[in-house]
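Here is a set of questions and answers on a ligand and its surroundings. Look at the structure, then read on.

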Amino acid sequence: MLIRMICPTCKKASPDPAVYRCPDCGEPFELEFEARFPIEKIRQRKANLWRYREAIPIEADKDIVSFEEGFTPLLKFDIKGYPIWVKQDHLFPSGSYKDRGASVLISYVRSMGIKSVVEDSSGNAGCSIAMYASAAGIECEVFVPQVTSPAKMEQARMLGARIRKIPGSRQETAQAVLEEANHAYYASHVYNPYFMQGTKTLAYEIVEQMDWKAPDRLILPVGNGTLLLGVYNGFKDLLRAEIIAEIPKLIGIQTESCNPLASAWEQKSVKPISVVLQPTVAEGIAIAQPVHGERILKVVKETGGYLLSVTEESILRNWREMAKKGFFMELTSATAFAGIERVLENEADAKGRTVSLITGHGLKSVGHF
Ligand SMILES: Cc1ncc(COP(=O)(O)O)c(C=O)c1O
Ligand SMILES: [Zn+2]
């Protein structure tokens, strides 16, 4: 596998495998390598995300840290009379889709022989990184905003991580960890390109589960966009390999309480709009300054999709309704379902095959019931 880390702005290659950000312009590096899909072999492999082995840039199998995660069920059901396919990513080992990224990122960390990592998170990514680090015998410290759900903090602690609570916003937590990143490797789910090499497997699984065909649109909650951009990369890989003919429309949903990207979309701005974070039940996407904001706006436009905001009331209502239908998700995840409701209001947007996902498990929201 020829794998290169390249700065998307000045096109320079990374000077060192452990450097995740361009020393000249500060942009997070992107990974370049050719993902391959030997479909007959893939079909015979175990039902987990590592079945796409030739598309995941980890050189040696011995470095893989895995709990056989992934290949979650894709269930079809009706919302307001329309068929919607929903990936069950709340069924991952740590209870959220972040395990996709953490499995690949911590495998990469292990391949470099690193023994200690720091990470900052609103909760779920911290739990995931803690779980994989523990399996790999890597020490882990997770920085979280003081206001993070107690369930997530306890989960990460139980999984062996040291927890550092930072007063103030998610942004202040990110600042605090950057100061610490001089002492330990920063296993960032936001900056480190290997994390998105894991989240991209969501696109592979959807296409395989739909008989190697792309759906028409994908409806996703968006905060930092590690899910949306990962999925875009995944579809791009499938397009290059000529498995699909077109990337589905990517439709990103934010809460009205924190919508720098949806506001930018509405105002036709190519940069995120600065917003003041209001209290929200969707803590996982309460990101006022998304690092990859410009890229998210560009990618959504390229696919013919769009971004929109939903109210806190509609998130809570959809959360309760979905739980009663047997889909017990965390509040952040219900943002996507509040979004589906809005998307389906438009007849043209309701046609074809629409896919969404449940990003996190309901038990993560203990304390909000
Ligand atoms: C449950 C849940 N859903 C969705 C997201 C959104 O992910 P991203 O920040 O990558 O857009 C997060 C991020 O923490 C999350 O915890
Ligand atoms: Zn650069």
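**The shell around ligand 1**

Q: How do the residues of the shell around ligand 1 divide into nonpolar, polar and charged?
A: This is a predicted model, in which local features need pLDDT of at least 70, side-chain atom pairs count only at pLDDT 80 or more, and totals for chains, interfaces and linings use all residues. Residues are numbered from 1 along each chain as written, and side-chain values use heavy atoms, without hydrogens and water. Gly counts as polar here. The shell holds five nonpolar, 10 polar and two charged residues.

Q: Which polar backbone atom is 2.8 Å from an oxygen atom of ligand 1?
A: A polar contact is a pair of N or O atoms within 3.5 Å. The side chain of Lys98 has an N or O atom 2.9 Å from a ligand 1 oxygen. At 2.8 Å from an oxygen of ligand 1, the backbone atom belongs to Gly223.

Notes:
Chains lettered and ligands numbered in written order. Polar contact = N/O pair within 3.5 Å; in protein donor to acceptor, adjacent residues only side chain to side chain.
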